[in-house]
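Have a look at the structure, then read on.

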Amino acid sequence: MNKYMEQTEANVLHTYNRFPLVLEKGKGVYLYDTNGKEYLDFAAGIAVFALGYGNETYNHALKDQIDQLIHTSNLYYNIPMAEASEKLVKVSGMDKVFFTNSGTEAVEGAIKVARKYAWLKDRRTDHEIIAMKHSFHGRSMGALSVTGNTHYQEPFKPLIGGIRFAEFNNLKSVEAEITNKTCAVILETVQGEGGIYPADKEFLEGVRALCDAHNMLLILDEIQCGMGRTGHMFAWQEYGVKPDVMTCAKALGCGVPVGAFVLNKKTAENSLMPGDHGTTYGGNPLVCRAVSTVLDIFEEEHVALHVQKTTPYLEKKLDEIVNEFDCVEVRRGKGFMQGLVIKGKPVGDVVNKAMENGLLVISAGTDVLRLVPPLVITETDIDNMIEKLKKCL
Ligand SMILES: *Cc1c(COP(=O)(O)O)cnc(C)c1O
């Protein structure tokens with residue numbers, strides 16, 4: 001261990017088994033450790049750094065904002081929030097935004113929206129939410145309660161009540177969990193941590209129809225699959241299935257801690273009112289300047305379209321790997337959110353070998369190698385990744 005690893009392990013609570021790697025700087029789609037070793041980054045800080053490292057427009061905007069104003073609290077208006085919110089409403093085609101500090105807080109907000117919406121209708125306090133097995137929505141108590149992973153949940157019980165779990169991509173199973181108390185269905189449009197499972201079109205359309213028929217809100221968690229990652233600004237836009245509430249984070253600020261829950265008109269007008277929800281930092285000038293700048297860059301540089309155009313090449317190259325290597329069973333995913341199912345050896349071994357070969361990838365679920373690169377990668381970067389991946393497989 002070098003001194004930074006020792007210092008960290010001595011002082012930071014041990015909740016992560018970190019890779020023995022101290023990252024010092026980034027440039028484009030490459031990261032560099034303290035020994036100057038170069039890594040091709042197909043992890044992007046877990047689907048966060050969409051623009052690549054050292055984007056000048058982004059860096060200049062943040063430096064400028066630091067000199068202007070970093071924080072004010074939500075008791076006052078600020079310019080970046082005004083601009084970021086308008087842009088986010090525009091690209092999502094939704095109606096109102098609430099900025100949070102993280103993904104998990106966006107999910108907390110969405111849960112509160114669903115309960116308040118239902119409460120305003122019937123004044124009951126026993127509403128239920130349907131969530132999916134193998135889902136991931138975050139680590140705070142509400143988000144953990146809708147995360148379909150017993151290992152994450154068990155030691156922290158009791159969680160919030162009234163959560164029922166259904167099978168992802170199984171409409172009958174969702175229907176079976178509906179009661180007269182159900183107020184919402186929450187799901188990831190493409191399941192990330194659970195192992196990269198895109199929703200089937202018929203499933204998503206079916207859930208939307210069930211929500212309409214039973215006056216339940218559809219909450220789509222776009223924290224990982226949103227922000228252009230699937231080749232559309234938000235993954236649901238490809239399906240043509242619009243949520244009542246959407247959660248965002250990860251690439252929304254491309255590295256500054258910011259998330260959001262975004263509501264349609266019906267939900268915005270019939271849920272949280274002044275006094276119902278708040279945050280000291282959420283949507284402060286610094287993070288909103290980041291969001292605003294990210295959304296500008298996405299528009300000006302057609303980032304989602306670039307993903308759409310480059311996806312066939314990435315998928316073709318990954319399918320070649322599936323054909324060539326017995327230990328790679330199948331590819332799943334959409335756009336730049338791809339998973340390779342590894343069999344016959346622990347996926348962690350592949351991740352470690354890749355790191356030795358100068359390639360950063362991560363895992364998902366128990367056996368999936370996850371590729372969530374910066375959205376600005378080119379075919380050359382894909383070729384480099386494939387070469388390194390082949391070596392370690
Ligand atoms: C990462 C993630 C979250 C949690 O976001 P944090 O910022 O880590 O709290 C929630 N939902 C999904 C789908 C995610 O991928």
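Q: Which helix is Lys 116 found in?
A: Keep in mind that this is a predicted model. Going by its helix assignments, Lys 116 belongs to the run of residues 103-122, which is helix α5.

Q: Is Lys 116 buried or exposed?
A: The relative accessible area of Lys 116 is 16%. Buried means under 20%, so Lys 116 counts as buried.

Q: Which side chain has an N or O atom 2.8 Å from an oxygen atom of the ligand?
A: Backbone atoms also face the ligand: a polar one of Thr 104 is 2.8 Å from a ligand oxygen, and one of Phe 136 is 3.3 Å from a ligand nitrogen. For the side-chain N or O atom at 2.8 Å from a ligand oxygen, the residue is Gln 224.

Q: How much of the ligand does the protein bury?
A: On its own, the ligand exposes 390 Å². Of that area, the protein buries 82%.

Q: Where does the largest nonpolar core lie?
A: This core has 90 residues, with Tyr 58, Leu 187 and Met 385 making the most contacts inside it. Helix α12 (residues 285-300) supplies the largest share, nine residues. Both domains give residues to the core, so it lies between domain 1 (2-54 + 302-392) and domain 2 (69-300).

Key
Residues are numbered from 1 along each chain as its sequence is written. This is a predicted model: local features need pLDDT of at least 70, side-chain atom pairs count only at pLDDT 80 or more; totals for chains, interfaces and linings use all residues. Side-chain values use heavy atoms; hydrogens and water are left out. A polar contact is a pair of N or O atoms within 3.5 Å; within protein, one must be able to donate a hydrogen and the other to accept it, and residues adjacent in sequence count only if both atoms are side-chain atoms. Accessible areas come from the Shrake-Rupley method with a 1.4 Å probe; for residues, only the protein chains shown count as cover. A nonpolar core is a set of buried Ala, Val, Leu, Ile, Met, Phe, Trp, Tyr and Cys residues joined through side-chain atoms within 4.5 Å. Buried means under 20% relative accessible area, exposed over 50%, partly exposed in between (1.4 Å probe, protein chains only). Helices (H or I, at least four residues) and strands (E, at least two) are DSSP runs, numbered from the N terminus. Domain bounds come from an automatic or database domain assignment.
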